[in-house]
Amino acid sequence: MKLAVSGVTASSYQPNTNYVPEKVVDGIWGEDTDSQQSRWSASGQGEWLQFDLGQPQKVTYANIAFLNSRERLSSFEITASDTPDFETGTVVLGRQSSRQLQPEESILQTYVFDQPVKARYLRLTGYGNSASGSSGNWNSIMEVELYAGNPPETGEPAPPPSDAGSVKEGEVKPPEFNHIKVRTAKELQSALDEAVSGTWIELQHGSYEQNGPFVIKEKHGTAAYPIRVTAAKSGKAVITGNSYMHIENSSYIEVTGLQFRNGIGDETGDQTLVERGLENRSLTGVHPGVQLQSSSHISIVGNTFALDETGQPYRFKADKRSVWCLVNIKGSCRYGENSYDPSGEVYSGSTPYEDDKLLTDNGTNRHYIRVEGTSSHNRIAYNDIGPKKGFGAVVIYDGEGHSGQSISQYDVIEYNHFHDIGPRVSNGLEAIRLGLSSLSLSSGYVTIQHNLFDGLNGEDEIISVKSSDNIIRYNTVRNSYGGIVSRHGNRNRFYGNFILGDGKTAGLSGFRIYGNDHQIFNNYMEGLTDKIIRLDGGTHDGGPEGGTNPTVRWGGENEQTAVLNSLPEEERTELLRGHWRQYNVQIYHNTIVNVGNNTPVFTLGGRTYQPVGTKIYNNLIFSHAGTMFTETEAMMKAPAQERPEYKGNKVEGIAPISNNSVVGGAIRKEDLRLVRGNDGLIRLSEYSPAIDAAISPLLALDDMGGQMRYAPDVGADEYSSGKSITNRPLTTIDVGPRALMK
């Protein structure tokens, strides 16, 4: 028998909402958006709902509908009392987690009390849920029903629990999905609106466009039962025109096999955002391919991003005047300073697309994939990304923006093919920008691995890291202008990357680093032509600790200091935009060969504050080009305790060792007896003096190919005969959608 509740109160509820305690007894609950609005929500451990039955009554069980109960587990307990203050009470349902539900089960679940109780008041106390980040603090309940009498029949008595391993691997049944095939944009958006955990939306061949993005909002799958959005055949379902994919406040969504060829948008291109109350996400005129907003466990896998950039404005200098043009529109160029004016004076000369001496210096920032807000554990993998001609980084991680303090965490970006990005810009066309200057002290724990960057000609930062505690490994860069840059942040690790050039084309570089405690090791670099590893000092000094609220110095002779977080937001952001001094950077076990264009291998020092405590160990260098180890005069004059350490490095070639006689006198040239391996890489021969010659303490556990080091060799390659290599330079068959079918 269902008991009547005469009143419901709560310890608190979410401010500025209608998520009040009375909503849990209104009979409205479900997985659609409207039903989920009828709930009580409060953040914090020990928040409670209290039910008044009017008089003492016997209660034996409760039905409870937790919000998002298919993808997260809520922690709670129930106590009973005869007084509303609960000074004395009896625990009738001990603290526990809600159950992991299967797709066929109702979200209104029965919980039988440990012991029946006769009482007037019952209190349900919440202890948060299993979601990551701040979302895990919330207690959100849509409905509570209290019952007397016998609990519902549960069938045969439950058997004793099975031991681990009692189920054989082949006996595990795959998940069963609700398979929905769609053929039109209207059907697609309708299916997205109704999707629940275990929904599989399959797009049939054709183009999909509506007036604005396809919106996935507050939709949650689970690890076993995600919400899948896939093409019936890879590449045959095309998101086009005024549309893109917008995913917000959602989790466990998979987007696979689609082509994104949509345009930049127009004045009405955000209608579907407006309809869903997301006006603040408006991107009219700069539509991406995919936008993730405060969403976690999202997989963007096996898609093609070749967006239509027609009409996107860009600016460059010609004849000492600014010119604005529209991408892919002949005769569109006009002289003008700050924005495109179609009625302005016509410019008929060359553009950056015809003359590589002209650099785009401004334009409409458009990004193919945007990851923003508070999120975690997303995966961007096996996508084909390019061409991209217009201004704006390709993949961006902006977190909560300049006013926030966090970036998406524990994401993985892997096995993507970035290609045909350019022509050159002065700044703002990175393949991946991982963070913002204002977020740079925030930890991302993002891994960028196994990506191929091929033939890029955008700007001098291919991967631009602007956050802390990330890993960039096992990527391959081929004949691409620029390099891998830790522009802001601390404690990033760069290892196992292959950066390959032709030794002739200008601007092919390796690593440029700012901040504290970075590690660069096991990287193979051949044929590069521009300052291969560069630590050029800082305009600002944040100190050696690498914390999130350092005391910052800047200004040189007129030096100023400030505790970072004591400053107003605008001043704080301005300081973080500076080039921060490098502390305790470790560079070891790298192979750098066949340097071109008279370029130095290592460049240390510059700006106001010189690098401190740099350790350069066990690197192997072969160069007939510029000076191998170059130091500025200020670096040479640095105090002994701040100077770089050069140990265990082995060099060969006619290039001078160093412009500092102290360094040059400590390193001697040797016949390194290098060979060109069958895989095309330069490796140690069995007679090389680099074998077993590495000096501790900076020793890598394995080498660039994934082989274990026992008595470590100098350089990225550990000599071995016939052993299996797990990591090698990537080609187009290893990445992108086709690699999924290997």
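**Domains, a sheet and a cavity**

The protein chain of this predicted model is divided into domain 1 (7-147), domain 2 (177-309), domain 3 (312-361), domain 4 (367-491), domain 5 (497-505 + 517-539 + 585-726) and domain 6 (540-577).

Reader: How do you know that β20 and β23 pair?
Author: Two strands count as paired if there are at least two bridges between them. Three bridges join β20 (residues 313-318) to β23, so the pair meets that cut-off.

Reader: Why is the largest cavity called a cavity and not a pocket?
Author: A cavity is a set of points where a 1.4 Å probe fits but cannot get out, whereas a pocket is an open set. The search of the whole structure finds eight cavities of 30 Å³ or more, and the largest holds about 130 Å³ of space.

Reader: Which residues lie nearest the centre of the largest cavity?
Author: Glu31, Gln36, Asn68, Glu71 and His220 do, out of 18 lining residues. By class, the lining has seven nonpolar, six polar and five charged residues.

Reader: How do you know that domain 1 and domain 2 both contribute to that lining?
Author: The lining draws at least three residues from each of domain 1 (7-147) and domain 2 (177-309).

Reader: How far apart are the C-alpha centres of domain 3 and domain 6?
Author: The two centres lie 38 Å apart.

Technical notes: Residues numbered from 1 in each chain as written. Predicted model: local features only at pLDDT ≥ 70, side-chain atom pairs only at ≥ 80, totals over all residues. Heavy atoms only, no water. Helix = DSSP H or I, 4+ residues; strand = E, 2+ residues; numbered from the N terminus. Domains from an automatic or database assignment. 1 Å grid on protein atoms, 1.4 Å probe; cavity = no way out; pocket = protein on both sides within 12 Å on 5 of 7 lines; lining within 4 Å. Points joined across faces, edges and corners; volume = space filled by probe spheres on them. Nonpolar A, V, L, I, M, F, W, Y, C, P; charged D, E, K, R; others polar.
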